[in-house]
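Dear colleague,

I am handing over the structure shown below, together with an account of what was found in it. Please read the account with the structure open.

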Amino acid sequence: MGNVQSASRALVGQSRAAVRSAQWWLLLLAIWSVACSSKEPEAVDYGPRVTAIPPLQSVEGACVASDEAAPSFLSHLGCRRDFDVLASIPANATIPGARSAKVVLDRADGDKLYFQNSNQFPIHWEFASKNLSGGALPIVGSLADFNRTEYYSPDRRFILGAVTFYEGAQTWALEIAPYDTADVSLIEKLMEAVKAHAYFGKDLLFHPTSSSLELVARKLSASAPYLTNDTLFSGIDYQPLNLGVTIGYLRFVQEANLGTDYVGFRDIVVLDRVPNDISVVSGIITEEFQTPLSHVNVLSQNRGTPNMALRHATTNAELRNLEGKWVRLTVGAFEYKVEEVSFDEAEAYWQSHKPTQVQVPRLDLSVRELANIESIVDVSGPLKAAISAAIPAFGGKASHYSVLTQIPGLPVAKAFGIPVWFYYQFMEQNGFFARVDELLADSAFRADPKLRDQKLAELRAAMLVAPVDAEFEGLLLAKLQADYPGVRMRFRSSTNAEDLEGFTGAGLYTSVSGQPGDPKRPVLNAVRTVWASVWSFRAFEEREYRSIDHKAVGMALLVPHSFPDEEANGVALTSNPFDVSGLEPSFYVNVQAGEASVVQPDPGTTTDQFVYHFYSPGQPIVFLAHSNLVKAGSTVLSAEQTYELGVALDQIHQYFAPAYAPPADMLGYYGMDVEFKFDAPPGQVPVLAVKQARPHPGRGQ
């Protein structure tokens, strides 16, 4: 398995379009959000659709597999044990309880059916090339050749799929790859073969894994009933987001009370809703389901703390019985576990699991001029070293944005950077560093979170009215007048302690709009607001948790024009975060109409979420959820806009790979977290603008 994965990763580096594995079902691990937010695509039903999961009717027969070593394949499944010895458990699943065994129907050998051992052979090609190649059978070619023909050609030798049992929904499902172009006859042939050779045949349903396959499913005969994502995942109660184990004090807190009910880094909190913001805690359980790129989940990834959702969590008897006790929480790919521990166990755990100290880049106070953004990072040399050299003066966000502006053809707005020196100067001239020293030396400030919040708020209030150096004010206003006359600008945070590998700092700091001459948006007020956000309660708590020297953090600013009336905004990952092997190259996109937030949505608001198979023929899209801010049956982005976004994501992924991707002979996750807009003046067609890119931390242990 390792050799196959290494070989596949090498192929990805050469041509991602050549890499297609039968581990396509890993993308289904992301479809948890359908259970809580997705709408029916259409009210019309054209085929044998199952709208409610029927109870299982199958009766086990005699087992085929022996009690000895697991076979490479079986031609018939007589009992559940037969399936279990062949089925694999995805290492990074977000749909709990799903087990899957791949199936191969060989049309060149009398339609023989094979249930392959998906632990021994994680991809179809590996099984076919070893067991169904040569002798009296045709030779199975290379992985690239296999993928080009066996998923797309109508004259293919093999019909490929998988049988998955969804424990939560108690459903047996036959699935094919979302990019597979199999027609009705091929799907029905495979369906009939599996039904005839498995004890659960009468319960088998076809599950279309993409919107294009759902159109095909509507044409299936009555012998091949199908069910959609909405039906399949309606019974899912548990959503693991960031996997891991932790120990903490179990507390129930209302999301609306997080501003007054202070939670600490040794607390495991059970929340009724997904919060937009939360200080450092040991673990999170929300009653509402989350999105992978929600702030609370990105924070959990950044902190390395477990995060999960559980329906009816606030009334869950098991959790309520442990309220106010020290517990061990395990968030696994398929199940969670909560168990009581003693205080001594908890203390020992915390002593041995202190978070790794984050070493932030030193501040570079030598740069004392405003800089056009493209001049900040010199991309002519090794990229990672160039980014690292720029961050001490201009912070992570501005440095990565500088790289974006130098990717040929990438749509990025003109911008400039304000180096960290001017923040440092502001803090020194107004005595704020001395004030910080007094706070840090105060034991009461350190011990009492409520007092800490109060004192930090007082510091920020003082910073918002403090004078700004006159020379800096002159430089800034002259820059805006010369290069951006009459333009509303966005002053975005860019510290040396964000957008780093292993520490994103997502959402810790503030961004504010400002425009010269606009009394509602004074430029200096915007600058001071961003500077003051260094001392927000949550930013302070995050640094304290990660043992970051508070005074070692400096605030530079990235200053592009603002997007006051965009048509759409979103975030995307340049890799599928649920397929950390990289064998299934695709993009994850979360996008919303207008200015409505995708990472901090209002209660009851849903977004378009989808996996975009940009590198597959036909570029199929698997919708995970739909926005309720657009007309039912519509999508936020048009097909043309989706393709435009895909081209940009591919450019970003390839360009930053030398800096952040693991070497070709190493396994590991690599993806860029990208923020984007679609915007245009009134009457013009909205076009893409990339706003930000940073390395994504992955998805827990």
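**Glutamate 566 and its surroundings**

The side chains of glutamate 566 and lysine 677 are joined by a polar contact of 2.9 Å. A polar contact here is a pair of N or O atoms within 3.5 Å; within protein, one must be able to donate a hydrogen and the other to accept it, and residues adjacent in sequence count only if both atoms are side-chain atoms. This is a predicted model, in which local features need pLDDT of at least 70 and side-chain atom pairs count only at pLDDT 80 or more, while totals for chains, interfaces and linings use all residues. Residues are numbered from 1 along each chain as its sequence is written, and side-chain values use heavy atoms, with hydrogens and water left out.

Glutamate 566 is found in the loop between β18 (555–560) and β19 (568–573). Strands (E, at least two residues) and helices (H or I, at least four) are DSSP runs, numbered from the N terminus. Glutamate 566 counts as buried because its relative accessibility is 5%; buried means under 20% relative accessible area, exposed over 50%, and partly exposed in between (1.4 Å probe, protein chains only). Leaving aside residues up to four places away in sequence, glutamate 566 touches Gly594, Glu595, Lys677, Phe678 and Asp679, where contact means heavy atoms within 4.5 Å.

**Sheets and strands**

Six strands form an open sheet in the order β22-β21-β20-β19-β23-β24, with antiparallel pairing; two strands pair if DSSP finds at least two bridges between them. At the edges stand β22 (621–625) and β24 (687–695), each with a single partner strand, so one side of each has no neighbour in the sheet. On average, neighbouring strands of this sheet are turned by 20° against each other, direction ignored; the axes are lines fitted to C-alpha atoms, for helices over the stretch in contact, and angles run from 0 to 180 degrees between N-to-C directions. Within the sheet, strand β20 (residues 587–593) and strand β21 (residues 608–612) run antiparallel and are joined by five bridges. Asparagine 590 has glutamine 609 in β21 opposite.

Elsewhere, strand β9 (residues 267–271) pairs with β10 in the parallel sense over four bridges, and valine 269 stands opposite isoleucine 284 in β10. β10 also pairs with strand β11 (residues 307–310), in the parallel sense over three bridges, with threonine 286 opposite alanine 309 in β11. From strand β10 (residues 283–286), Gly283 and Ile285 point one way and Ile284 and Thr286 the other way; all are buried.

**Salt bridges**

There are 28 salt bridges in the structure, each being a side-chain nitrogen of Lys or Arg within 4 Å of a carboxyl oxygen of Asp or Glu. One of them joins arginine 492 and glutamate 675, whose closest N and O atoms are 3.2 Å apart. Arginine 492 lies in strand β16 (residues 489–495) and glutamate 675 in strand β23 (residues 672–679), so this pair ties together parts that are 183 residues apart in sequence. Arginine 492 and glutamate 675 are both buried. Salt bridges with shared partners also join Arg80, Asp84, Arg99 and Glu167 into one network.

Glutamate 214 and arginine 218 meet through their side chains in a salt bridge (3.7 Å, N to O), and both residues are buried. Arginine 320 forms a salt bridge with glutamate 323, with the closest N and O atoms 2.9 Å apart. Arginine 320 counts as partly exposed because its relative accessibility is 36%.

Yours sincerely
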